Amino acid sequence: MNKKPLLSFLFCCAFGLPILQARQNDRPNIILIVADDLGYSDLGCYGGEIKTLNLDKMANKGLRLPNMYNAGMCVISRSSLLTGRWWPKTGYGIEKDPNIAQKLKASGYRTGIVGKWHLNGEPNDKGFDYFFGFLGGYSSYFEGSKDYRLNQQPFNNFGEDFYSTDAFSDRAVQFVENKGNTDNRPFFLYLSYQAPHNPLQASKEEIMAYRGTYLQGWQAIREARIKNQIKFGIIDSATPLPKFPENLPDWDALTPEQKDLEDLRMSVYAAMVERMDKGIGKLMQALETNDQAENTLILFMSDNGTDSFSVMDNVMLERGLLPGDIGSNYQPGTGWAYASVAPNRLYKISQHNGGVKTGAIAYWPKGITIPGGLRNEKLHMVDVMPTILDLADIVQNESRSMERLAGKSFVPLLKGNVFKRKSPLYFQFMDNRAIRTKKWSLVEVDGTGWELYNIKKDPLETNDLSRILPKKVDELAGDWLHWWITESGETTYTPKSTSTSPHYTSQGDRGTGDPYTPSAMPENLKAKYQKKP
């Protein structure tokens, strides 16, 4: 009998498995937290007044990534985020290509999603071992909806105390604790909060904690946030700031009734953000308790900028419903979106900075070598999948598929090393589009024509150079069109106007956007959330 195969087998049993197990245990746990419609400056660590103590702590002990881009709208951002591909290539809602969970599961990770899905199919068929949440775009925070699932079974056990943000936080804690299971596999959790996406709903107690805070108005709130951003080093004091939008009324021009309802609207929004932050605090505590915090990478970001629309206001007021109420469906509106995206221009669905920039955070005690700082390199959601595959040690076995990804691993950045990007970043949704290089930003809103900005001198896109530099416009426009045709498979670009959608209106802030008319607090409803003297 040949003893060599037997000896090799025994050697592997004695030494190989522990080595393999050690490698498995050394790979980081990964938590990807995505807020929904959160503004760039809403978090305290990005200049905001909302109480986000846990996310601020993560930023102080991790890294802020102030130049992280998304795709400006829920579905296409998530499509790129989970596949590492530009959305026209992977399809609206991921029509093709494997996602992060499928790759990690095949590599030995335990995978879970908690919260909003809003993509094709169901998560359990897409590489996720565990799913609790809803399949569509939004749901009642208090009452849930028919598309809630616990794995693939309908879930309707909402109860009187149900609040979706809390339910998502609690289920996330349960997933990382993994009680009753003996395997020590690393995990991947996609924690996809709905907050602060409409409907604007929160408990009265938490709403009242902010009531009156926003009577100073959206201009004052935005200015205060920008001052903080300058102090934090997020922007330079010499950076040119965008002009006040032409389609937004001055706060002082509002009636007392309009100011009252607008203050309530933003108070609910702030309460929702704080509640999400408290849930993230619970998750952080669970990681600490279970000795998982040291080697868990947490990436936090928003899928797009703040929602500037308010299409249901009249219907809600006719029904006697206010922001915060069960059964209501209010949105933030243009005024508070203007404050929330500070210091940027424009909002959700736009491909200007206000629509596609997110105040991102990376937290990983074991892996981030220089914590507490800002890394200003331009990143995009398409970079998240290659980064996670890199950390999970999948890259060597996936060299061909990695080459097909649009993104690039930013692990070197987390390690304190140089991160460089050669190719431009591309953006498109309906009649909004953009291309960004190291020096230039070519952007269009509402199909009104290209705007050109020198983003080295003018990072907030305030001084349009398109008429002065038409050749540069043509050059970048040609690059963008080549990208679109290559990625989408179409022969040309035919935009669909946002003005035809019941969900959107024209947003342009230089005379083309629809005027914002704030709703007023009805006399018969004002006592419901009235702040006591």
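Q: What makes strand β9 (residues 357-363) largely enclosed by the rest of the structure?
A: Seven of the seven residues in β9 are buried, so the strand is largely enclosed by the rest of the structure. Buried means under 20% relative accessible area, with exposed over 50% and partly exposed in between (1.4 Å probe, protein chains only). Keep in mind that this is a predicted model, where local features need pLDDT of at least 70, side-chain atom pairs count only at pLDDT 80 or more, and totals for chains, interfaces and linings use all residues. Residues are numbered from 1 along each chain as its sequence is written, and side-chain values use heavy atoms, leaving out hydrogens and water.

Q: Which residues cover each face of β9?
A: On one side sit Lys357, Gly359, Ile361 and Tyr363, and on the other Thr358, Ala360 and Ala362; all of them are buried.

Q: How many bridges join β8 (residues 296-302) to β9?
A: Three, again in an antiparallel run. Here Phe300 stands opposite Ile361.

Q: What lines the largest pocket, and which residues lie nearest its centre?
A: On a 1 Å grid over the protein atoms alone, a pocket is an open set of points with protein on both sides within 12 Å along at least five of seven lines, while a cavity is a set where a 1.4 Å probe fits but cannot get out; lining residues have an atom within 4 Å of a point. By that rule 31 residues line the largest pocket, with Asn67, Asn376, Glu377, Lys378 and Lys438 nearest its centre. The largest share of the lining, three residues, comes from β2.

Q: Which strands form the open sheet, and in what order?
A: The order is β12-β13-β14-β15, with antiparallel pairing. β12 (425-429) and β15 (451-454) are the edge strands, since each pairs on one side only.

Q: How many bridges join β13 (residues 432-436) to β14 (residues 440-444)?
A: Four, and these strands run antiparallel. Arg433 stands opposite Glu444 in β14.

Methods. Helices (H or I, at least four residues) and strands (E, at least two) are DSSP runs, numbered from the N terminus. Two strands pair if DSSP finds at least two bridges between them.
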